[in-house]
Amino acid sequence: FNTLEFIHATNNAFFDTSLQKPLVGKTPAYFAGLLNTTVDHLNQTLKKITGKTTRDVLHERIIEEANILLKHTNYSVKAIAWCLNFQETPHFVNFYK
């Protein structure tokens with residue numbers, strides 16, 4: 001895989017996140033599986049190119065998507081948490097802080 005494939009995979013996963021199309025996966029393991037690589041290889045590659053771990057990159061993307069949903073929808077915090085694949089609203093609130 002290459003970094004562009006990772007960017008494409010994350011953009012596809014997060015594109016048009018909504019109540020009708022919630023985020024399916026948000027873990028390094030999920031994206032490593034999509035790219036047919038290991039979490040370690042994905043981590044090493046992203047760290048070399050971005051200086052950030054896969055987890056850090058994904059967390060930034062989740063925050064970005066949360067901000068978009070907060071600004072451009074009338075979704076409740078509970079609905080946004082569900083859209084972003086958080087099992088419990090308090091987990092999302094703690095993550096977002």
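The model is predicted: local features need pLDDT of at least 70, side-chain atom pairs count only at pLDDT 80 or more, and totals for chains, interfaces and linings use all residues. Residues are numbered from 1 along each chain as its sequence is written, and side-chain values use heavy atoms, with hydrogens and water left out.

**View 1. Lining of the largest pocket.** The volume of this pocket is about 180 Å³. Its lining consists of T3, F6, I7, T10, N11, L46, T50, K52, V57, E60, R61 and E64. Two or more of these residues come from each of α1, α3 and α4, and α1 gives the largest share, 5 residues. (On a 1 Å grid over the protein atoms alone, a pocket is an open set of points where a 1.4 Å probe fits, with protein on both sides within 12 Å along at least five of seven lines; lining residues have an atom within 4 Å of a point. Points are joined across faces, edges and corners, and a volume is the space filled by probe spheres set on them. Helices are DSSP runs of H or I, at least four residues, numbered from the N terminus.)

View 2. L42, T45 and L46 are buried. Seen down the axis of α3, the buried residues fall within an arc of 95°, so they line one face of the helix; the arc is that of the directions from the helix axis to the C-beta atoms. They pack against α1, α2 and α4, contact meaning heavy atoms within 4.5 Å. On the other side of α3, D40, Q44 and K48 are exposed. (Buried means under 20% relative accessible area and exposed over 50%, with a 1.4 Å probe and protein chains only.) After α3 comes G51, with a positive phi near 80°.

**View 3. Helix α4 and its cover.** Buried residues here are T54, V57, L58, R61, I62, E65, A66 and L69. Their cover includes α1 (3-14), α2 (28-34), α3 (39-50), α5 (77-83) and α6 (89-96).

**View 4. E65 in helix α4.** E65 is buried, with a relative accessible area of 5%. Not counting residues up to four places away in sequence, E65 touches F14, T17 and L84.
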